[in-house]
Amino acid sequence: MMKKLEVKNICKSFDGKPVLQNISLELSQGELVCLLGISGGGKTTLFNIISGLLSPDQGSIFLDGKDITNKPGQISYMLQKDLLLPYRTIEDNIALPLLLKGIKKKEARLQASAMFAQFGLEGTQKKYPAQLSGGMRQRAALLRTYMFSQNVALLDEPFSALDTLTKSAIHKWYLAMMEKIQLSTLFITHDIDEAILLSDRIYLLSGSPGEIVEEIIIKEPKPRREDFNLTPEFLAYKRQILSLL
Amino acid sequence: MLKRNLPSILAVTILLTAWQLVCLIELVPPYMLPSPLEVLQAFGEDFPLLWENSLITLQEAFIGLFLGVSIAFGTAVLMDEFDILYKAFYPLLIITQTIPSVAIAPLLVLWFGYEMTPKIILIVISTFFPVTVGLLDGFRSTDKDTVGLLRSMGATRLHIFRYLKFPAALPQFFSGLRIAAAYSVVGAVISEWLGGFGGLGVYMTRVKKAFAFDKMFAVIFLISAISLALMALVELAEKKCMPYRNLDKKN
């Protein structure tokens, strides 16, 4: 199968201090892959490199076989905070990536609105971000990410700012969503449960310098059972990960 | 609305009453301090003249404010885009603010005559600063992560300005504009005072020479009222431009 995204031998240092050491990973079409590791392990730096915001000291990034190293605007990227613009309505926030691509305002709004129901955001079109709950804002940020590109998405700790209950609800929603839209996603987390629950594969990252120490495949079929996180299989994965970190 | 403003309405009423009383019992000789009622009467008597002069002053204020804000906008954008310009001109900007306008106004009259030009220049000088500084602070306060996000979506510098920097700077811009609006009227009056053919400043010099203190007070109040009205206008524009401020969370 053709790899959607390939990251090859990425190295990066800041002021002579290595942050990323020879990182190679790949992502297939429709796959949900997680980078799990302690905070400050260079994961965000890696995402900045993949998205083209930062240049690597060594290595390259390939999207559908094409070299996209140092080329921003190819992959959609969602940062930790929702970063919705407070002075734009939800609809206009979500249409923004389309406006940046040069699509006319009216058409962009139309295209954005068409996706609201699918993302469970109906009725929020004319509201401002401040009027939405944290969970809804995260959904809106995710939809904006999706509007930019249906190719590959990078999500940097997308749910870490949410409280436990909201988080668990959004995990269910997210898995159901991904079944429908089949977005190839690479996401960062430091929450082991979240990683096992959502991913098809997990890359374990060691801290300073960041290096991939293990790749774990979660064999549990999708859609996942309702109580997967309470099963012995889940715990076995968790034990394995804890022993490696 | 009334409940919120009640303390200040009460305070003004008490002050005016006290003033009226002071005049009634002639604590201060009447030729030095007219009573509020006399001021009101003077205002009524001279209304056509005050109106005519107000229009001149307002015209100067509007032209000056418009030019000042336009120049401020251009300057702020340039200084924000090019850091070298920021470093070179920011101290200079501050210095222009330390020069009292009463000191430059006579020079401007000397150079540009008694017509409208020197007045507009003075207003531009005094309104330019608060708007430039407000915009600059606003531009510089934009969130770095959001800039990164837009860049990851392939945004150009112009996009980032249009969708991020400019709207993010609006609150500071309006704070600056509110001050500038008040300055514009004061600036117009000061420069008329120092030399001109019409306007509230000229009216002031005439009534001063005639020792008509009741008219003097009338024009002072009128100038305050005009400044306040302009500031209210700015506030109205602010609310129109930023409907997302002061939203209630529920709906």
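Predicted model: local features only at pLDDT ≥ 70, side-chain atom pairs only at ≥ 80, totals over all residues.

Trainee: How many residues of chain A are in contact with chain B?
Mentor: On the chain A side, 23 residues; they touch 22 residues of chain B.

Trainee: And how much area do they bury between them?
Mentor: About 2100 Å². Carbon and sulfur atoms make up 66% of that.

Trainee: Which residues in chain A lose the most area to chain B?
Mentor: Y87(A), L100(A) and Q131(A). Together they account for 32% of what that side buries.

Trainee: How many salt bridges between the chains?
Mentor: The count is 2. One of them pairs K81(A) with D143(B). Their closest N and O atoms are 4.0 Å apart.

Trainee: What about polar contacts?
Mentor: There are 4 residue pairs in polar contact between chain A and chain B, with both residues at pLDDT 80 or more.

Trainee: Which helix gives the most to the chain A side?
Mentor: α2(A), with 4 residues. Both α2 (90–100) and α4 (134–148) of chain A supply at least two.

Trainee: How does that side split by class?
Mentor: It has 16 nonpolar, 3 polar and 4 charged residues.

Trainee: New topic. What is chain B built from?
Mentor: It has 10 helices and 0 strands.

Trainee: How many residues, and what share is buried?
Mentor: Chain B has 251 residues, and 41% count as buried.

Trainee: And what box do its C-alpha atoms fill?
Mentor: Roughly 75 × 55 × 30 Å, along the principal axes.

Key:
Residues numbered from 1 in each chain as written. Chains lettered and ligands numbered in written order. Heavy atoms only, no water. Contact = heavy atoms within 4.5 Å. Buried area = accessible area lost by both parts, 1.4 Å probe. Salt bridge = Lys/Arg side-chain N within 4 Å of Asp/Glu carboxyl O. Polar contact = N/O pair within 3.5 Å; in protein donor to acceptor, adjacent residues only side chain to side chain. Nonpolar A, V, L, I, M, F, W, Y, C, P; charged D, E, K, R; others polar. Buried < 20%, exposed > 50% of the residue type's maximum accessible area, 1.4 Å probe, protein only.
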